[in-house]
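Trainee: Could you take me through this structure step by step, with the criteria behind each value?

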Amino acid sequence: MKKKSKLYLSLVLLVGVVVNAAGALTRVLAQTETDATTGASEAMYDYTDPASLETSYDVIVIGAGGGGMAAAISAKEAGANVVIFEKMPIAGGNTMKSSAGMNASGTKFQEAEGIEDSNDLFFEETLAGGKETNDQELLRFFVDHSAPAIDWLDSMGISLSNLTTTGGMSVERTHRPADGSAVGQYLVDGLLKNVFDHEIPLFVNANVLEILQTEGAASGVSIEINGETVEVQAKAVIVATGGFGANFDMVVEYNPDLEGFVTTNHDGATGSGIAMAQLLGAAVVDMKEIQIHPTVEQETSYLITEAVRGEGGILVNQSGERFFNELDTRDNVSAAIIALPEQYAYVVVDEALKERVKALNQYESMGLVVKGETIEELAELTGMPADALQATLSQWNESVTNQSDEAFGRTTGMAIGLEQAPFYAIKIAPGVHHTMGGLKINTNAEILNEAGEVIPGLYASGEATGGLHGKNRIGGNAVADIIIFGRQAGQMAAEFVQE
Ligand SMILES: Cc1cc2nc3c(=O)[nH]c(=O)nc-3n(C[C@H](O)[C@H](O)[C@H](O)COP(=O)(O)OP(=O)(O)OC[C@H]3O[C@@H](n4cnc5c(N)ncnc54)[C@H](O)[C@@H]3O)c2cc1C
């Protein structure tokens, strides 16, 4: 889990183009580091020419991740003249890197699979995962708008029809692309296409330095673009700048225990939007709640998606034994790994699971996967005792057959055992992954000050905000958050400017 001396390895893209079942263009990317994914969007789209920058818009969106693009599309649909400023050379942010999927309850895709779910169950399980500390008004809005968010994406050609589970849920609620590939690249490609179809200007290399304020209301931004600093006016500003998981000064300020951890985040996750809004009096919540993800490959800081465990993967220690319920919440699984003497573990899967989770091919092409033609060979290559690993897999397969994990009480991700050779292992340990704290908002996505009052014209969505997830975010809820509250921020901002 310790940070490498230099996180920013060179960009290596191995781009395979796949047309998924929905017919949308999806890339399967192999990447070595946080910023690798974004090169694809650079290749595919012409971002807006800086020369066409205007002096004023109705709504300014800061950040072109999922939360920002959803907000912009929604604002445009509601009739606003909207612009997006992105500080990196390409759009996508952490959204591009998201892997497992997007949670939603009572969707048409669940119904088609015969999965019984409800907004109340989603609410209860998210609240339990968050140790009952979630902002319950935000959470209620979130679950109630989750299925409409899936429909909204679907109406734009972004179809998340394939279901799986992540930790902390009792039913298949995590929606991903039809072919089971990672959600992020597909989602960003789809949102970008809609941004351009809606003729929304998207400026990259456009670093917002300050949010302007006039008579207590947000009134524009100051940006650095094309080597110049300019002011752009607006009647509303949406902060969609993401979290601060790549800003270790900030991470360690709020949680000193995380000194030296690796991060799964892209370079732009610096928390700048939070800091800018604070200068306008914005309140923040839950800032010390920083999620570490249990399964991060440490040489590359690359996340091994929770879908691997959701589809039936297990965790074993260096002694070849399981040691915890792999699909417990992330904080608990991470703590269990850190409590091992070796402070790392292996994700173990078989050939059949590899075929169900496409990301595993990507991990293999990156050299992260150890392959054994037999269990014995896998044990030898990873230095585990072969008899122990053999016994662990036999016992696990028996648990799957009986649908009862007496050892650790796991109840999900148990549909199919691990029986088909070859077998694979990936060595992992926890890494900084998601910042659950951020700007305090209400269900209109309006940013609040310390007194709980709305700061006029100032909205936020996505990982820049706090409160929804409480002390622990459930995997798949962040992508749902950015679409649900991005949509809401865009619509509310558009209504505000038309008042
Ligand atoms: C490896 C990985 C896998 C994940 N997998 C999942 C998953 O499967 N499911 C799930 O629910 N969640 C997942 N998450 C979490 C989820 O992806 C993020 O929480 C979410 O995408 C954040 O979206 P966002 O739009 O708020 O921020 P981002 O997507 O990070 O976008 C914010 C954008 O704002 C830009 N920006 C920042 N400051 C400025 C500024 N001053 N001026 C201009 N632009 C600025 C940034 O460069 C960035 O492009 C994952 C995260 C990671 C890192």
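Trainee: What distance separates the centres of domain 1 and domain 2?

Mentor: This is a predicted model, in which local features need pLDDT of at least 70 and side-chain atom pairs count only at pLDDT 80 or more, while totals for chains, interfaces and linings use all residues. Residues are numbered from 1 along each chain as its sequence is written, and side-chain values use heavy atoms, with hydrogens and water left out. The bounds come from an automatic or database domain assignment, which gives domain 1 as 14-99 + 185-289 + 436-498 and domain 2 as 292-432. Taken over C-alpha atoms, the centres are separated by 34 Å.

Trainee: How much area do domain 1 and domain 2 bury between them?

Mentor: Counting contact as heavy atoms within 4.5 Å, 21 residues of domain 1 touch 19 residues of domain 2. Buried area is the accessible area (1.4 Å probe) that two parts lose on being put together, summed over both. Carbon and sulfur atoms carry 58% of the total, which is about 1600 Å².
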